[in-house]
Amino acid sequence: MIRPGGAGRRILSTADLDGWMSRRSTEELAEPVTFIVDTDGVLRLAPRRSEHVACASGGMVLCAGEMSFCREAGRWRVGEVSNQSTGYCPDVTSWPAVAEALDRAGIRRPAGFTHEVVFRRCTNCQEHNIVREDDFVCVFCDAVLPQEWNVDPG
């Protein structure tokens, strides 16, 4: 169940990010945050312990993951960003949606994911897997995993 008011905060500008970050505790500022890019291409942020699906109000996303920020020349910038979301299992090719959302908001960013997570659904047992060290073998049933992303978001 997704609680009312649990959606991630829309970040459309650096002022939005400054406002959201100013309400974070020192502990929260030291750790990554949960993010999604909604189907309108808007970045949404929530505290790290938030579920991606809640951050997205249960809707579809263009990307989801974790993001950390640091200060540079008096402004926030993205220090690290990943597609780590076991709720949505986004492909590594979802980076352009993140880049566009950050660029539109005027937030400095890296050139790509600083940590890429490779997700695959096993065609044998249907379980979702995180592929590590290019080992495309299901951890649940030892079947060979597809080389191409196949995690249906529906």
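The structure is a predicted model, in which local features need pLDDT of at least 70 and side-chain atom pairs count only at pLDDT 80 or more, while totals for chains, interfaces and linings use all residues. Residues are numbered from 1 along each chain as its sequence is written, and side-chain values use heavy atoms, with hydrogens and water left out.

## Salt bridges

Let's start with charged partners. A salt bridge here is a side-chain nitrogen of Lys or Arg within 4 Å of a carboxyl oxygen of Asp or Glu. By that rule the model has eight salt bridges. The table shows three of them.

| Asp18 | Arg71 | 3.8 Å |

For surface exposure, buried means under 20% relative accessible area, exposed means over 50%, and partly exposed lies in between (1.4 Å probe, protein chains only).

The side chains of Asp18 and Arg71 form a salt bridge. This pair links distant parts of the chain, with Asp18 in helix H1 (residues 14-22) and Arg71 in strand S4 (residues 61-72), 53 residues apart. Asp18 is partly exposed at 37%, and Arg71 is partly exposed at 47%.

Glu66 is buried, with a relative accessible area of 17%, whereas Arg48 is partly exposed at 35%.

Glu72 counts as partly exposed at 30%, and Arg108 as exposed at 52%. Through shared partners, salt bridges join Glu72, Arg77 and Arg108 into one network.

## A buried aspartate

Asp38 lies in strand S2 (residues 33-38) and is buried, at 9% relative accessibility. A polar atom of the Asp38 side chain lies 2.9 Å from the backbone nitrogen of Asp40. Contact means heavy atoms within 4.5 Å. Leaving aside neighbours within four places in sequence, Asp38 is in contact with Arg10, Arg44, Met60 and Leu62.

## The largest pocket

Rolling a probe the size of a water molecule over the atoms shows where empty space is left. On a 1 Å grid over the protein atoms alone, a pocket is an open set of points where a 1.4 Å probe fits, with protein on both sides within 12 Å along at least five of seven lines, and lining residues have an atom within 4 Å of a point. The largest pocket has a volume of about 150 Å³. Which kinds of residue make up the lining of the largest pocket? There are no nonpolar residues, seven polar and four charged.

## Helix H4

In helix H4, the buried residues are Trp95, Ala97, Val98, Ala99, Ala101, Leu102 and Ala105. Among the elements that cover them are strand S1 (9-11), H1, S2, S3, S4 and strand S5 (75-82).

Ala105 belongs to this helix and is buried, with a relative accessible area of 6%. Setting aside neighbours within four places in sequence, Ala105 touches Ile11, Leu12, Ser13 and Thr14. The C-alpha atoms of Ala105 and Thr123, 18 residues apart along the chain, are 39 Å from each other. Just after H4 comes Gly106, with a positive phi of about 80°.

## Backbone angles

Most residues other than glycine have a negative phi, and most peptide bonds are trans. Gln126 is not a glycine, yet has a positive phi of about 70°. Gln126 is in the loop between S6 and strand S7 (128-131) and is partly exposed at 43%. Asp134, also not a glycine, has a positive phi of about 55°. Asp134 lies in the segment after S7 and is exposed, at 66% relative accessibility.

Notes:
Helix = DSSP H or I, 4+ residues; strand = E, 2+ residues; numbered from the N terminus. Polar contact = N/O pair within 3.5 Å; in protein donor to acceptor, adjacent residues only side chain to side chain. Points joined across faces, edges and corners; volume = space filled by probe spheres on them. Nonpolar A, V, L, I, M, F, W, Y, C, P; charged D, E, K, R; others polar.
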